[in-house]
Amino acid sequence: MKKIAILLLALLLALPLTGCQGGQTGHSINVYNWGEYIDESIFDDFEAETGIHVNYKTFANNEMLYSAIKGGGNSYDVIIPSDYMVARMGEEGLLMELDYSKIPNAENIDPRYLNPAYDTEQKYSLPYMWGTTGIIYNTTMVDKAPTSWMDLFTTDLKGQVLIFDNPRDCIGLALIALGYSVNTTDKDQIAEATDLLIKQKEDGIVQAYVMDQIFDKMINNEAAMGTYYAGDYLTMVEENPDLAFVQPEEGSNLFADAMCIPTCSKNYEDALAFINFMCRDDIVLRNCDETGYSSPSATALEEMDEEMATDPVAYPGEDILNKAEIFGGLPEETLTFYDHEWIRICLAKVKY
């Protein structure tokens, strides 16, 4: 009997080590975030202050996050989806409402980032970071700097262009290039954007569809141009000063990522404590310095290093922001059509 009791005790002690399956309430939380998107040293500070350990895992795109939550079998406590995915998950009942009495640091958020189209009542999400998308290019490999999204489709640089490896960003940039809204529900427009992307592959322009793989490729001069997020460009250029960033003349996507608590969470109170911690000015500033992304915190911005706060890539002017469009939620019929068109893109053959 004693041996059985000891074995059971050993199994119980091993449970917190199962990572994303959920730790003991009050002892650990499971956080699911994008790659290259947080200063992981803050987890030690959070644990020292609260006694709550952070099990951390990353995803490559919103669709991967959605599948992990929708499919069940996982227990995450804090997730950081993008705008349109917040809308979708909220509509599908996959997110818990936030108790703002437990998140006093939410008062630090600039009102301009609150009650957005993807969460008009601010029920399910609190802004984490924001930014724009654009074209990153290597000045030693590109003779003429790109100015338009269409340059990605007409360039002579065969096999030297990297494109977003997710349907909303990928098809979205083609929609902008064609003069359409990123939130269109017109199937003909979405199909036209898909056809443009397929032709780009067939013309041998595309080297690969990537997400965080773009870091190594651009830093190591393995590609001439790529589409990605402004904050990540600021990280890349520190490693490779030959890189440059451009906001295409047609405008771009203005994205926002937000902290949410999924319905599969087993540690709601601890998750609220973590979100509150992440909104504290000193933590916000450390995250911005580490990631290069733009903060929605008005109070943190007042304390930010002037060079960073005035960086035109991280904090672009109104001329850029006025032409940028935020991804909104799309009806189920349109999402299904996106899936169909994404498959068409993925099946298209890359030619060199």
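At what angle do the axes of helix α6 and helix α7 cross, and within what distance do they come? In this predicted model, the axes cross at roughly 100 degrees and come within 9 Å. The protein is divided into domain 1 (28-129 + 255-315) and domain 2 (131-253 + 329-347). The largest pocket lies between these two domains, because both give residues to its lining.

**Domains**

- Domain 1 is made up of 28-129 + 255-315, and domain 2 of 131-253 + 329-347.
- A distance of 25 Å separates the C-alpha centres of domain 1 and domain 2.
- Contact between the domains involves 18 residues of domain 1 and 22 residues of domain 2.

**Helices α6 and α7**

- Two packed helices are described by the angle between their axes and the distance between the axes.
- Helix α6 covers residues 167-177 and helix α7 covers residues 187-202; their axes come within 9 Å and cross at roughly 100 degrees.
- Angles of 65 to 115 degrees count as roughly perpendicular, so α6 is roughly perpendicular to α7.
- On the α6 side, the contact is made by C170, I171, A174 and L175.
- On the α7 side, Q189, I190, A193, T194, L196 and L197 make the contact.
- The contact of α6 with α7 comprises eight nonpolar and two polar residues, with no charged residues.

**The largest pocket**

- The largest pocket holds about 330 Å³ of space.
- Its lining consists of 16 residues, and those nearest the centre of the pocket are E238, C288, D289, M308 and D311.
- At least two lining residues come from each of α9 (230-239), α11 (281-291) and α13 (306-309).
- Helix α11 gives the most to this lining, supplying five residues.
- By class, the lining of the largest pocket contains seven nonpolar, three polar and six charged residues.
- Domain 1 and domain 2 both contribute to the lining, which means that the largest pocket lies between them.

**The second largest pocket**

- The space in the second largest pocket is about 250 Å³.
- Residues V142, D143, K144, A145, P146 and T147 are among those that line the second largest pocket.
- The lining of this pocket also includes D151, T154, T155, D156, L157 and M225.
- Five nonpolar, three polar and four charged residues are found in the lining of the second largest pocket.

How values were computed:
Residues are numbered from 1 along each chain as its sequence is written. This is a predicted model: local features need pLDDT of at least 70, side-chain atom pairs count only at pLDDT 80 or more; totals for chains, interfaces and linings use all residues. Side-chain values use heavy atoms; hydrogens and water are left out. On a 1 Å grid over the protein atoms alone, a cavity is a set of points where a 1.4 Å probe fits but cannot get out, and a pocket is an open set with protein on both sides within 12 Å along at least five of seven lines; lining residues have an atom within 4 Å of a point. Grid points are joined across faces, edges and corners, and a volume is the space filled by probe spheres set on the points. Helices (H or I, at least four residues) and strands (E, at least two) are DSSP runs, numbered from the N terminus. Ala, Val, Leu, Ile, Met, Phe, Trp, Tyr, Cys and Pro count as nonpolar, Asp, Glu, Lys and Arg as charged, and the others, Gly among them, as polar. Domain bounds come from an automatic or database domain assignment. Axes are lines fitted to C-alpha atoms, for helices over the stretch in contact, and angles run from 0 to 180 degrees between N-to-C directions. Angles under 35 degrees count as roughly parallel, over 145 as roughly antiparallel, 65 to 115 as roughly perpendicular and the rest as oblique. Contact means heavy atoms within 4.5 Å.
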